[in-house]
Amino acid sequence: MRMYDIIQKKRNGNELTKEEINFFIEGYTKGEIPDYQASALCMAIYFNGMTSDETVALTLAMAHSGDMMDLSSIPGETVDKHSTGGVGDKTTLIVAPIAAALGCKVAKMSGRGLGHTGGTVDKLESIPGFKVELPPDFFFAQVNAIGLSVIGQSGNLTPADKKLYALRDVTATVESIPLIASSIISKKLAGGSKNIVLDVKCGSGAFMKTPEAARELAKVMVDIGNKAGRKTTAVITNMDIPLGKYIGNSLEVIEAIEVLNGGGCKDLRELCIVLAATMYSSCFGASYEDSRAKVIEVIENGEALNKLAEMVKAQGGDKGLIFHPENFEKSRYSYEIKAKTSGYIEKMDTEKIGISSSLLGAGREKKEDSIDYKAGIILGKKTGDYVTEGETLATLFTDKEERIEKSEKTFLEALTFSDIKPKEEILVYEIIK
Ligand code: URA
């Protein structure tokens, strides 16, 4: 078999066989197929797409390119949740403890933030002492004992995806449904959980800009997940506004605690209820309405917050902060951005707001960059709110005063004002099974 022929076949719009796809993934993972041929194939896939059989074959080949987590030592219903990425998305910190409080087994591996989006692992590390690297035996034992552990991606999981994703990032081939779907689902399959809940974002801050595109991606991912023997559900949600009001690592932990305490911003709370209910319903077959009621119950009786505290303690973190988030260390500088005009906020460019937060030190440009866990933004106003001139739009937090000016400029560029009240944003478009 020759890589040249595989590229040519896909370029001409023909269907690749499972053997050809395996040849590509194995060869590329081992370094036998060079980046230039892999990128040519990605571009051919970008233009010509893939059939369902091809996408399944690609996903399975990628999932098996490295270690597969074996969760068989965890009895019960294991469940994983994945978000296609966003700004202010701290849902894992909320839904994982809720699901565990309801009896699901959450053995979850999460990623770090890159560019304008945040990552759960960085958020957890903002809790002093919290260890995101656990030996596998500890990880399994913790899930068996308390139903919950969230760690960083360890070992040699989906090396094909690591290489391909980095290549796609620099060859303009990220926004391809079969490539995104195989990238995400291969990681979930390697993660080992029986149930998978996908939060597929659409809007300005997401890869999929419209609900239609997100629906197409969701359908493909649900199809592959189910074909691979995992019960897979996708929730299509809005990423046209940042989720909640807090952006930045420890700030997002604080907001997650607010939601688990029964408070928090309406959109964040509602999305977490939907996702956690979907996780519970997938695990135990309960109706969506009953699942929602269960979720609300463990928030209101404090069991979900206690579950988060249990996990923090088990992983070496300062559990006291979960009950006293006011004790999180604060940034040296805080700065209020004032509105220069009056009017309704018509739109918020979520990606720009993420960049504005990154500029304060909350994110990294390159993988090796270090981050300031305290840095970030608390939004005073969101899309649809009326603002009068001089009112606070947002507060910036940083240890580096010189970064405030650029961050403020970027933040203000992200907002569009109007005299007319905009239509209320839809939060959840659809649940696809
Ligand atoms: N997230 C992933 O993990 N992979 C993609 O291709 C896009 C988003």
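A nitrogen atom of the ligand sits 2.6 Å from an N or O atom in the side chain of Ser183. That is a polar contact, meaning a pair of N or O atoms within 3.5 Å; within protein, one must be able to donate a hydrogen and the other to accept it, and residues adjacent in sequence count only if both atoms are side-chain atoms. This is a predicted model, in which local features need pLDDT of at least 70 and side-chain atom pairs count only at pLDDT 80 or more, while totals for chains, interfaces and linings use all residues. Residues are numbered from 1 along each chain as its sequence is written, and side-chain values use heavy atoms, with hydrogens and water left out.

A polar side-chain atom of Arg168 lies 2.9 Å from an oxygen atom of the ligand. An N or O atom in the side chain of Lys187 is 2.5 Å from a ligand oxygen atom. The protein covers 91% of the 240 Å² of accessible area that the ligand has on its own (Shrake-Rupley method, 1.4 Å probe; for residues, only the protein chains shown count as cover).

Which residues surround the ligand? They are Tyr165, Arg168, Ile180, Ser183, Ile184, Lys187 and Phe207, where near means that a heavy atom of the residue lies within 4 Å. The shell divides into four nonpolar, one polar and two charged residues. Here Ala, Val, Leu, Ile, Met, Phe, Trp, Tyr, Cys and Pro count as nonpolar, Asp, Glu, Lys and Arg as charged, and the others, Gly among them, as polar. Helix H9 (177-191) and helix H8 (159-170) each give two or more residues to the shell. H9 gives the most, with four residues. Helices (H or I, at least four residues) and strands (E, at least two) are DSSP runs, numbered from the N terminus.

Now turn to the sheets. Four strands form an open, mixed sheet in the order S1-S4-S5-S13; two strands pair if DSSP finds at least two bridges between them. Strands S1 (79-83) and S13 (428-432) stand at the edges with a single partner strand each, so one side of each is left without a neighbour in the sheet. Neighbouring strands are turned by 15° against each other on average, direction ignored. S5 (residues 231-238) and S13 pair in the antiparallel sense over four bridges. Ile236 stands opposite Glu430 in S13.

Two helices lie across this sheet. H12 (residues 266-284) lies across S1, S4, S5 and S13, at about 150° to S4. Axes are lines fitted to C-alpha atoms, for helices over the stretch in contact, and angles run from 0 to 180 degrees between N-to-C directions.

Ala213 lies in H10. Leaving aside neighbours within four places in sequence, Ala213 is in contact (heavy atoms within 4.5 Å) with Ile177 and Met208.

Another open sheet of four strands has the order S6-S9-S11-S7, with antiparallel pairing. Its edge strands, S6 (246-247) and S7 (333-338), each pair on one side only. S9 (residues 376-379) and S11 (residues 392-398) pair over four bridges. Leu379 stands opposite Ala394 in S11. Helix H17 (residues 404-413) lies across S7, S9 and S11, running at about 145° to S11.
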